[in-house]
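My entries follow the model.

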Amino acid sequence: MTNSIWTPRNYSRREWLARTGVGFGLLALADLLAAESPPASEEPDRTAKPYSVGPPHDAARAKRVIFLYMPRRPSHVDLLDPKSRLIQDNGKPLPFEKPKLERTKTGNLLASPWRFSKHGQSGIEVSELLPGVASCIDDICVIRSMVADNINHSGAALQMCTGEQAFSRPAMGSWLTYGLGTENQNLPGFVVVSPAAVFQGAQLWASSFLPSAYQGTLIRDLKNPIANLIDPSGNVEQQRVKLDTLGQLNDLHKRDRVIESELDARISSFELAFRMQREAPEAFDLSQESAATHQLYGTDKPVTEMFGRQCLMARRLVERGVRFIQLFDAPTNNAWDHHSGLREALPKRCAAVDQPIAALLIDLKTRGLLEDTLVLWGGEFGRTPTAEGANGREHHPFGFTMWMAGGGVRGGSVHGATDDFGWHAVQDKVHVHDLHATILHLMGLDHTRLTYRHAGRDYRLTDVYGKVVQGILA
């Protein structure tokens with residue numbers, strides 16, 4: 001007998017099943033996986049090609065989403081939900097008991113210092129702080145009956161962006177790119193633009209237990225959006241050869257292994273990074289736009305330059321097939337958190353975003369993109385109709401305002417209402433879960449069917465809640 005040296009090897013669980021019992025363990029594993037996975041005819045291969053375009057469940061009204069996120073939340077009673085009783089009873093106590101859920105004790109009623117007037121054929125009342133948005137009001141559905149579950153920024157922001165207020169869950173953009181893929185395989189499917197860090201940070205655009213390909217691609221520097229995009233050598237062909245060689249080595253590595261989805265995902269990320277080198281520089285190059293376009297978005301003025309660049313970037317990305325873009329108005333952290341200094345700070349924030357937002361809506365409509373692009377505006381909750389100190393408003397999840405425009409939305413309409421003081425949503429309430437269900441519906445997805453198996457159960461964006469808000473739909 002010839003002597004030989006036996007080298008022990010630690011097999012993975014899948015390899016052990018493949019090698020034991022003449023492979024019968026693997027047959028059982030394959031049967032279990034097949035039971036948990038949708039038929040191939042319904043779902044594209046998300047392992048090797050995570051961005052492959054997937055079929056919607058139903059006819060879609062929108063193809064892409066732009067979420068204009070105002071961190072720390074604008075005051076609804078100062079911008080889009082006028083209340084004459086606040087003016088009449090300014091300085092008086094709220095005439096009913098406040099909810100027991102209260103962060104900081106607030107004082108008496110505080111009337112809005114700004115005038116409201118009717119705009120457009122719809123005659124919807126809008127604050128004088130938002131003349132640009134007011135000029136587009138006939139394309140907008142104002143939702144005045146939003147409600148959320150958390151009075152703190154951390155939980156409320158998580159719920160608005162991910163559907164869950166306590167634990168890490170996939171972001172809305174992650175769910176959409178997982179469910180539908182993206183139209184342009186050379187760009188990320190989910191892009192996040194946040195010039196400054198925001199509270200909760202990456203949890204708001206993380207993919208959590210979904211494959212990492214679906215997390216948001218963060219852009220901080222508006223003038224150099226994606227770092228390390230260009231190979232310093234400049235030799236693209238040599239890069240291609242390296243990737244092909246790496247791919248061959250990975251194929252050899254996979255031959256004796258079973259269901260190596262993590263490796264396939266890593267290979268696909270390398271390929272996406274290579275393809276982005278060809279297309280991303282052009283997509284993010286705002287210098288290609290005309291002077292008139294820059295004037296429209298306000299990128300030529302210090303006050304509106306930052307958010308103007310973000311909105312112009314969003315338009316360029318959606319017309320190139322990116323599925324979900326989320327813009328944070330974040331020149332600094334807590335930009336909209338007006339616990340004090342409301343009269344001075346709110347006009348500044350509105351001046352910074354109003355013209356760019358109106359420009360985005362006008363530009364999308366002119367290019368024929370608004371009809372299948374869903375635009376969403378808002379933050380995680382509202383602000384109290386009562387005063388915090390002498391010149392501020394506290395957090396308020398009991399009734400607040402958001403708006404939607406574009407793909408499949410009933411423009412020039414108001415949905416729901418708060419009470420006479422703007423405290424409670426009292427008519428046609430729209431919970432955050434309902435908002436998410438409606439967004440998915442407009443994108444052609446049934447929120448109860450868009451699920452992902454994790455830790456022994458099926459998860460979804462809306463958890464076990466949510467209903468489509470028919471009154472918002474065109």
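I listed the lining of the second largest cavity first: R73, P74, S75, H76, L79, L80, W377 and T401. I note that the model is a predicted one. For the volume of this second largest cavity I read about 30 Å³. I sorted its lining residues by class and got four nonpolar, three polar and one charged.

I then asked how many cavities of 30 Å³ or more the structure holds. The count is two.

I turned to the largest cavity, whose volume is about 80 Å³. Its lining has 14 residues. I looked up which of these lie nearest the centre of the largest cavity and found L101, E102, T384, H395 and W423. By class, the lining of the largest cavity divides into five nonpolar, five polar and four charged residues.

Next entry: S194. I placed S194 in the loop that runs between strand 5 (190-193) and strand 6 (217-219). Is S194 buried or exposed? I put S194 down as buried because its relative accessibility is 0%, and the cut-off for buried is under 20%.

I checked what S194 touches, leaving out residues up to four places away in sequence. The contacts are L218, I219, R220, F328 and A330. Two of these names, L218 and I219, fall within the range of strand 6 (217-219).

Last, I looked up the C-alpha separation of S194 and D329 and read 6.9 Å. Along the chain, S194 and D329 are 135 residues apart.

Terms used: Residues numbered from 1 in each chain as written. Predicted model: local features only at pLDDT ≥ 70, side-chain atom pairs only at ≥ 80, totals over all residues. Heavy atoms only, no water. 1 Å grid on protein atoms, 1.4 Å probe; cavity = no way out; pocket = protein on both sides within 12 Å on 5 of 7 lines; lining within 4 Å. Points joined across faces, edges and corners; volume = space filled by probe spheres on them. Nonpolar A, V, L, I, M, F, W, Y, C, P; charged D, E, K, R; others polar. Helix = DSSP H or I, 4+ residues; strand = E, 2+ residues; numbered from the N terminus. Buried < 20%, exposed > 50% of the residue type's maximum accessible area, 1.4 Å probe, protein only. Contact = heavy atoms within 4.5 Å.
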